Amino acid sequence: MTKRSSRVARAIEAHVNGNHSDPFALLGPHLLADEDPSARGLAIRTCHPAARQAEVLRRDTRAVAPMTRPDPYGVHEGALEDATPDIE
């Protein structure tokens with residue numbers, strides 16, 4: 001996973017404090033290039049405060065990718081560096 005941007009860090013803090021007006025702008029799949037223009041793929045975020053670990057199951061290959069929990073708030077992050085958005 002690429003380094004977390006300060007924008008994402010602020011959004012996570014707002015989310016856990018109940019002050020984020022659009023949690024879907026933070027959680028779920030997002031282009032890595034939105035945070036780092038040289039990055040490719042998707043960042044996946046989920047919030048499960050009680051979970052010690054989380055994984056992403058790729059729909060296309062059924063491969064499992066681990067997620068990290070870089071802070072105590074329960075926001076888990078994973079990167080699928082070769083994935084593209086599935087927009088239908």
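This is a predicted model: local features need pLDDT of at least 70, side-chain atom pairs count only at pLDDT 80 or more; totals for chains, interfaces and linings use all residues.
Contact here means heavy atoms within 4.5 Å. Leaving aside neighbours within four places in sequence, His30 is in contact with Phe24, Ala25, Gly41, Leu42, Ala43 and Arg45.

**The sheet**
- Three strands make up an open sheet in the order E1-E2-E5, with antiparallel pairing.
- E1 and E5 are the edge strands: each has a single partner strand, so one side of each has no neighbour in the sheet.
- From one strand to the next, the twist averages 25 degrees.
- Six bridges join E2 (residues 42–47) to E5 in the antiparallel sense, and Ile44 sits opposite Gly78 in E5.

**His30**
- You'll find His30 in strand E1, which covers residues 28–31.
- His30 counts as buried because its relative accessible area is 17%, and the cut-off for buried is under 20%.
- A polar atom of the His30 side chain lies 3.2 Å from the backbone oxygen of Leu26.
- Arg45, one of the contacts of His30, is 15 residues away in sequence and 8.3 Å away in space, C-alpha to C-alpha.

**His76**
- His76 belongs to strand E5, residues 75–80.
- With a relative accessible area of 0%, His76 is buried too.
- Its side chain reaches the backbone oxygen of His48 at 3.5 Å.
- Not counting residues up to four places away in sequence, His76 touches Ile44, Arg45, Thr46, His48, Ala51, Arg52, Gln53, Ala54, Met67, Thr68 and Arg69.

How values were computed
Residues are numbered from 1 along each chain as its sequence is written. Side-chain values use heavy atoms; hydrogens and water are left out. Helices (H or I, at least four residues) and strands (E, at least two) are DSSP runs, numbered from the N terminus. Buried means under 20% relative accessible area, exposed over 50%, partly exposed in between (1.4 Å probe, protein chains only). A polar contact is a pair of N or O atoms within 3.5 Å; within protein, one must be able to donate a hydrogen and the other to accept it, and residues adjacent in sequence count only if both atoms are side-chain atoms. Two strands pair if DSSP finds at least two bridges between them. Axes are lines fitted to C-alpha atoms, for helices over the stretch in contact, and angles run from 0 to 180 degrees between N-to-C directions.
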